[in-house]
Amino acid sequence: MQIFIDSADIEEIRDAAAMGVIDGVTTNPSLVAKTGRPFKDVLVDICEVVDGPISAEVVSTDYDGILGEARELAKMHDNIVVKVPLIAEGLKAVRTLSGEGIRTNVTLCFSPTQGLLAAKAGATYVSPFIGRIDDISGNGMELVEQLVTIYRNYGLETRVLVASIRHPVHVVQASLIGADVATVPHKVIHQLARHPLTDIGLERFLADAKKIPPS
Ligand code: E4P
């Protein structure tokens, strides 16, 4: 499973990229707003740090508006994947963009039927928002299972990009199901690396190392 970082914070992205575990980046307008910086400046910086798919989201909700924004974003860098909302106008735009060879990440997917339509429209990625489903007492991971099964049943090439991840168990479950990608917040990437037995073991080794006589 590929791991993307779900962040627009360039320091977080640099830190995770230095660990060698990042295959791509996803951003959204909320994450970009948190940086307090212009959208395109943020994208330029990210493209310099990560050589992999970088999702950049449109904010138009009509076909022409989505297409205009998407073409402009795609022109910025070969690694840009245009994030399009999973609405009827978005699907129309995805169909056109797919014909133009522009890669898309269809976002805000909350049902298997939405995911099926996104794939039929030619989406490169579909993003089920599992944490937001869990937040309202649903089962986000069930949606991931359904999408993986549907795409496999019909040989659909759209990749399942598990989004809205809240904790390490989401990453484990997504990889056991066979999702293509998990986009993971910076804090959770560090949680994935950490284990208390590693810390205890390391502490002991370092203490014992001090007892070794010098050569
Ligand atoms: C990723 O593409 C999404 O924008 C992101 O994972 C949403 O996460 P949230 O539900 O924590 O805002």
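**Close-up views of a predicted model**

**View 1. Val21 sits in the loop between α1 (10-18) and β2 (24-26).** Helices (H or I, at least four residues) and strands (E, at least two) are DSSP runs, numbered from the N terminus. This is a predicted model, where local features need pLDDT of at least 70 and side-chain atom pairs count only at pLDDT 80 or more, while totals for chains, interfaces and linings use all residues. Residues are numbered from 1 along each chain as its sequence is written, and side-chain values use heavy atoms, with hydrogens and water left out. Val21 comes out as partly exposed, at a relative accessible area of 34% (buried means under 20% relative accessible area, exposed over 50%, partly exposed in between, with a 1.4 Å probe and protein chains only). Set aside the neighbours within four places in sequence, and Val21 is in contact with Ile3, Ala16 and Ile189 (contact means heavy atoms within 4.5 Å). Val21 and Ile3 are 18 residues apart in sequence, yet C-alpha to C-alpha they are 6.9 Å apart in space.

**View 2. Phe4 and Tyr125 make an edge-to-face aromatic pair.** Rings of Phe, Tyr and Trp (its six-membered ring) pair if their centres lie within 6.5 Å; planes under 30 degrees apart count as stacked, over 60 as edge-to-face and the rest as tilted. By that rule there are two aromatic pairs. In the one shown here, Phe4 and Tyr125 are 6.1 Å centre to centre, with 70 degrees between the planes. The pair links distant parts of the chain, 121 residues apart: Phe4 is in strand β1 (residues 2-6) and Tyr125 in strand β6 (residues 125-128). Phe4 is buried at 0% relative accessible area, and Tyr125 is buried too, at 1%.

**View 3. Thr104 is a buried residue of strand β5 (residues 104-109).** Its relative accessibility is 0%. Not counting residues up to four places away in sequence, Thr104 touches Val81, Val82, Val84, Val94, Leu97, Gly122, Ala123, Thr124 and Tyr125.

**View 4. Helix α6 (residues 112-121) packs against helix α8 (residues 140-153).** Their axes come within 9 Å and cross at roughly 35 degrees (axes are lines fitted to C-alpha atoms, for helices over the stretch in contact, and angles run from 0 to 180 degrees between N-to-C directions). The crossing is right-handed (right-handed if the near helix is turned clockwise from the far one by less than a right angle, left-handed if anticlockwise). On the α6 side we have Pro112, Gly115, Leu116 and Ala119, which meet Leu143, Gln146, Leu147, Ile150 and Tyr151 in α8. These contact residues divide into seven nonpolar, two polar and no charged (Ala, Val, Leu, Ile, Met, Phe, Trp, Tyr, Cys and Pro count as nonpolar, Asp, Glu, Lys and Arg as charged, and the others, Gly among them, as polar).

**View 5. Helix α3 (residues 39-49) crosses helix α4 (residues 63-76) at roughly 35 degrees.** Here the axes come within 11 Å, and the crossing is right-handed. Phe39, Lys40, Leu43 and Val44 of α3 make the contact with Glu72, Leu73 and Met76 of α4.
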